[in-house]
Structures are given as C-alpha cells and as structure tokens.
Amino acid sequence: MDTYDLITRNAEEVVTDEEVRELADDPDGKRAYVGYEPSGVLHLGHLLTANKLIDLQEAGMEVVVLLADVHAYLNGKGTFEEIRETAERMKAQFIAYGLDEESTEFVYGSEFQLDEEYTLDLHELELSTTMNRAQRAMAEIQGDETAKVSHLVYPLMQTLDIEYLDLDLAVGGLDQRKVHMLAREKLPEVDYEVRPALHTPIVADLTSGEGKMSSSEGITISMEDSTEDLEEKVNSAYCPPTRDPEPDDDGNERENPVLELFEYHVFPRFDEIVVERPEKYGGDLTYEAYKSLAADLESGELHPADAKGTLASYLDELIAPGREKLHELRE
C-alpha cells in the first residue's frame, strides 16, 4: 500500500485531496492530530479515529492527541480535576490500544488555551464570527442540547488549536466536518494557514443499523466491556445476509454495523481474518481483504452467526490490553 492510500484508508472524506497528496509525498515528521474530550472510557468511536492515527504513524507522521480538558469543561463534563483524572486514564488506554508512545505527543488544552496570545486570537475570531455561523459548526457535536455561549466558543477554539499545535493535518469523525470547514474559513482571517483534514466514518447503531452508534445511549462497545459483554452485544447486532440491507419501516436506509466494524476496526489491524467453522459446515474461512468477507456474507457462503462470532473474537483481542490497563488503574 502506498503512502497516500495508507493515509486515506477508510477515510469518509479528504479535504482537500490535492493537499493530502502533497502531504503524502513527504510525510516524515509532519504532524497530525485528533482532539478528544476526556469524558470517560474509550469506546469504538474513539478507536476508529485512533486506527487512523496508527495508519499515520505507520506512514511516518508524528501524532498529537489533544486531551481537550478546557473543551470538556465548557461542555459541562466536570471540574478540571475530575476531567484531568479521566484524561490520564484515556492516555493510558490509547497507548495500550496501539498508539506508538515514542511518536505520540499528548497535550492538554489548558497547556496553551489559557495563554494571552491564544485568548486574544480567540477574541478576534469571536468578533468576526456570527452566532449562527458558530452554532452551525457545533450543531452535530452539540446534539439536542440547548445552545450555550460556551458551545459557540467551542468550535472557534478548535479552529485555533490547529494553528497552536503546529499541525499539518487535522483528523476527526465526520461529525467534526463543519468545525474543520469553519477552520479553513477562519484561520486566514487571523493570518494563519489552512490545513487539510481527514474525516472518518460514523458507524451505525449496533442493534438497528440506523443512525450512529451512541455511547450516550449505551449502545456501543467500550474498553470496560468484558469478553462476555462484548460477545453479547455483537451477537445481538443487526446483520442481514446482504450488502444492501432493506430500509426500515420509515424507508430510511440501514447500514450493516457488523460489516462496518470489520472494515474500520478489524481489517486495518490484522493481516488476515480466520473464521473458524466445523468441517461439516465447510471448515475455516480465511480472508485477507474486507471485500472478500463482505462478498461471502452477501452470497451466503459466510453465515451472519459465524461473522458475528469472529468479529467478537477479534474486537476482544483489540480492546483486551486497554481493559487490563483500566483494571490496573482502578486497583
């Protein structure tokens, strides 16, 4: 796999392709980041972007993980002391999951976001940004919560983070797209350069295939899950034997979350996937590419129950080191 393909693997959107291709021509020492609110135990949403960071490290880039304590405070996630304790646990989980400690820089937002220069730049952005523009950028992250002034400041801070962390690439889930577009619009207004961005997909709800997997509703897989919990969740997942599932009762398109988890979480981390089956059911199946597994599920060669059992096994292998680290930290 060439460097560009590795950098963009499983990206839902590349902004812009020309800028990312230029980055891929000379990636060594270039800096990419994801920002995470320290709000709890890592779940598959965090780990999807972490998989992309691992790709970028393999491509030769340096990775910055912003432990966004000020953002978390503005979003009502607790006191700074509580948020810092959560952030330290998240840091340990990311390393346990597979981020290379030597080429990963963990930065707290409070290390630079309270400085005078940053604050003055933030005020300058506040002067030039309408409330509607800021709220539009924050809407998908904010959800249904009534907008507060802190929510309007939040995306402007993310815009400045890209400059103050000296980044070459911003990475985030597709729900960060509007924030990154705001950054591309606003950074030149304070005489800073725009940077390219990669957006990773949003995995569908595990049980229905609709919407997105949501930790707030308890329908996700996290590093807190035991092997048994994980198996139970995966076994109950929506997984029709087709690549194009039927729409729901309202006519909305459903995705297959089992296939999505194979594509975005398992295949990027393992060279081959082995589906273990008794000889009377055809024996083991081995896959080196996601498309082959998806095609076999669609054709009926691979039964959904076998796909789920295999998925649970490989996901458990991925999150087990983080689960063990959590147990160590809590003892």
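**Close-up 1. Helix α5 of this predicted model, its length and its buried residues.** The 18 residues of α5 should span 26 Å at 1.5 Å a residue, and this agrees with the 25 Å that separates its end C-alpha atoms. Along α5 (80-97), the residues that are buried are Ile83, Thr86, Ala87, Met90, Ala92, Gln93, Phe94 and Tyr97. Just after the helix comes Gly98, whose phi is positive, at about 140°.

**Close-up 2. Helix α11 and the elements that cover its buried residues.** Helix α11, made up of residues 257-266, is largely enclosed by the rest of the structure, because nine of its ten residues are buried. These buried residues are Pro257, Val258, Leu259, Glu260, Leu261, Phe262, Tyr264, His265 and Val266. The elements that cover them include the helix of the previous view, α5, together with α3 (44-58), β7 (273-275), α12 (290-299) and α13 (304-330). At the start of α11, the backbone nitrogen of Val258 lies within 3.0 Å of a side-chain oxygen of Asn256.

**Close-up 3. Strand β5 and the strands that pair with it, β2 and β6.** Strand β5, residues 169-173, is mostly covered, with five of its five residues buried. Strand β2 (residues 31-36) runs parallel to β5 and is joined to it by two bridges, and in this pairing Ala32 has Leu169 of β5 as its bridge partner. Strand β6 (residues 197-200) also pairs with β5 in the parallel sense, here over four bridges, and Gly172 has His199 of β6 as its bridge partner.

**Close-up 4. The β-α-β unit that contains β5 and β6.** Together with helix α9 (residues 177-186), the strands β5 and β6 make a β-α-β unit that is right-handed.

How values were computed. Residues are numbered from 1 along each chain as its sequence is written. This is a predicted model: local features need pLDDT of at least 70, side-chain atom pairs count only at pLDDT 80 or more; totals for chains, interfaces and linings use all residues. Side-chain values use heavy atoms; hydrogens and water are left out. Buried means under 20% relative accessible area, exposed over 50%, partly exposed in between (1.4 Å probe, protein chains only). Contact means heavy atoms within 4.5 Å. A polar contact is a pair of N or O atoms within 3.5 Å; within protein, one must be able to donate a hydrogen and the other to accept it, and residues adjacent in sequence count only if both atoms are side-chain atoms. The expected span of a helix is 1.5 Å times one less than its number of residues. Two strands pair if DSSP finds at least two bridges between them. A crossover is right-handed if, with the strands pointing away from the viewer, the path from the first strand over the helix to the second runs clockwise.
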